[in-house]
Amino acid sequence: MDRYITLAIHTYDRAVSLRAILENEGIKVELNNVNLQIPGLSSGVRVRIPENDLPLALRIVENSDLFAKSTQEGHCYLVPVDFSEHSFKAAIVAIKLAHKANAAVHFLYSYIDPYIAGTMQLSDSLNYEIGDSGTRKQMEKNAEQLLGNFAERIKAAMKRGDAPPIKFTSSVTEGVPEDSIMNHAKNKAPWMIVMGTRAAKDKANDMIGSVTAEVLDQAKYTVLTVPAPLDEFKSLHPQNVLFLSNIDQDDILAIDCLYRLFGNDGTTVTIVHVPKRRKFSELSTDKALKRLGEYCSQHFNNYRFEIVPTTLSQSLEEFNRLNENSPFDLIVIPNRRRNAFSRLLNPGLATTLLTKLDIPLLVIPV
């Protein structure tokens with residue numbers, strides 16, 4: 001029999017609401033300490049669930065609004081495109097992931113409104129006269145034609161067998177690309193955003209205003225980056241994964257998300273601690289990592305977990321030492337959203353890894 005544990009303690013009304021949400025996702029729920037004569041007067045009602053369902057339950061509780069939107073909108077992978085080769089590679093990876101998950105793919109292309117561009121004065125190529133009424137329509141027409149050509153290229157890849165045949169849709173929107181991506185994701189709640197990136201040597205000089213970097217820091221949804229030099233197979237079946245741990249409950253949520261997306265047999269997950277402002281002693285850090293590894297080994301059977309007793313800093317020196325003997329196929333980062341000012345002064349580890357490495361990043365919001 002399943003061992004039941006207490007997930008939360010609420011008033012009766014909130015406990016009933018939580019039970020409805022969890023049961024809708026297939027999790028069995030028991031309510032304890034309920035006043036049978038007058039249930040509404042019950043206080044301290046315990047919401048108990050099977051221990052094996054804890055990772056999923058925590059993810060639902062911590063992201064209840066997000067989770068509800070995802071279930072309503074259906075299965076979809078969002079792929080922002082700019083018609084480059086690395087964008088096309090990301091599209092193929094997304095299609096194969098979506099096929100595995102029985103999901104659909106949506107391609108999104110964003111162009112700058114000439115009326116906005118005229119006031120922003122971004123560059124000579126984007127300076128339009130406000131009075132040129134035909135420019136806006138022509139840009140929209142060109143964008144739709146480019147996206148149509150991209151869709152035909154995807155269909156051709158499916159016919160050749162380079163990509164599995166799945167349903168996909170596409171749309172054109174006007175505005176700053178990162179804002180368009182965030183607005184579309186907010187309305188459609190995709191399972192994942194898949195973005196292609198250039199080689200690290202080509203990214204170093206254009207990180208200010210990088211669309212991918214902004215999406216990584218702002219997104220409320222899981223984001224997978226696909227570097228241009230990447231062997232496509234590795235992004236679909238990662239065998240050697242680096243997980244950057246915060247040593248808190250969010251780690252379980254992130255590992256559960258990883259497991260649902262890439263539950264491959266024989267995958268090795270190396271867990272390394274990333275320091276935060278709140279400092280841990282070396283002894284408490286090692287104990288917490290050990291407990292995390294033991295829990296994960298019990299509940300994620302297809303994975304093999306390794307605990308590295310070291311602390312990874314922003315300098316990447318420790319990472320390079322870890323990556324020397326057995327290069328990583330995927331880096332997983334539980335990411336907390338921060339305000340724009342702090343991102344500008346102190347770029348997050350996800351952004352640092354994005355600029356320096358040609359390894360896929362799976363950034364999971366927590």
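## Exercises on a predicted model

Asp329 lies in the loop between helix H13 (317-325) and strand E12 (330-335); helices (H or I, at least four residues) and strands (E, at least two) are DSSP runs, numbered from the N terminus. The model is predicted, so local features need pLDDT of at least 70 and side-chain atom pairs pLDDT 80 or more, while totals for chains, interfaces and linings use all residues. Residues are numbered from 1 along each chain as its sequence is written, and side-chain values use heavy atoms, leaving out hydrogens and water.

**Exercise 1. Is Asp329 buried or exposed, and which backbone nitrogen lies 2.9 Å from a polar atom of its side chain?**

Step 1. The relative accessible area of Asp329 is 12%. Buried means under 20% relative accessible area, exposed over 50%, and partly exposed in between (1.4 Å probe, protein chains only). Asp329 is therefore buried.

Step 2. The backbone nitrogen is that of Gln239.

Step 3. Now take His237, in the loop between helix H10 (232-236) and strand E9 (240-245). His237 counts as partly exposed because its relative accessible area is 32%.

**Exercise 2. Which residues make the contact between H7 and H9, and how do they divide by type?**

Step 1. Locate the pair: the axes of helix H7 (residues 177-188) and helix H9 (residues 211-218) come within 9 Å and cross at roughly 35°. Axes are lines fitted to C-alpha atoms, for helices over the stretch in contact, with angles from 0 to 180 degrees between N-to-C directions.

Step 2. H7 contributes Pro177, Glu178, Ile181 and Met182, and H9 contributes Val211, Glu214, Val215 and Gln218.

Step 3. These residues comprise 5 nonpolar, 1 polar and 2 charged. Ala, Val, Leu, Ile, Met, Phe, Trp, Tyr, Cys and Pro count as nonpolar, Asp, Glu, Lys and Arg as charged, and the others, Gly among them, as polar.

Step 4. The crossing of H7 and H9 is right-handed: the near helix is turned clockwise from the far one by less than a right angle.

**Exercise 3. Compare two non-glycine residues with positive phi, Phe83 and Asn102. Where does each lie?**

Step 1. Phe83, with phi of about 70°, sits in the loop between strand E4 (76-80) and helix H4 (85-100). Its relative accessibility is 22%, so Phe83 is partly exposed.

Step 2. Asn102, with phi of about 55°, sits in the loop between H4 and strand E5 (104-111). Its relative accessible area is 66%, so Asn102 is exposed.

Step 3. Ser84 also belongs to the loop between E4 and H4. Ser84 is buried at 18%, and a polar contact of 2.6 Å joins its side chain to that of Asp82. A polar contact is a pair of N or O atoms within 3.5 Å; within protein, one must be able to donate a hydrogen and the other to accept it, and residues adjacent in sequence count only if both atoms are side-chain atoms.

Step 4. Across the sequence, the C-alpha atoms of Phe83 and Asn149 are 9.2 Å apart, at 66 residues' distance along the chain. Asn149 lies in helix H6 (residues 133-160) and is partly exposed at 46%.

**Exercise 4. Work out the surroundings of Tyr111: which residues is it in contact with, beyond its neighbours within four places?**

Step 1. Tyr111 lies in strand E5 and is buried at 6% relative accessibility.

Step 2. Its contacts are Met139, Glu140, Ala143, Val172, Thr173, Glu174 and Gly175.

Step 3. Tyr111 and Glu174 are 63 residues apart along the chain, with C-alpha atoms separated by 4.9 Å. Their side chains form a polar contact of 3.4 Å.

**Exercise 5. How many disulfides does a search of the whole structure find?**

Step 1. A disulfide is a pair of cysteine sulfur atoms within 2.5 Å.

Step 2. The search finds 0.

Step 3. Check the burial of two cysteines: Cys76 is buried at 17% relative accessibility, and Cys257 is buried at 7%.

Conventions:
Contact means heavy atoms within 4.5 Å.
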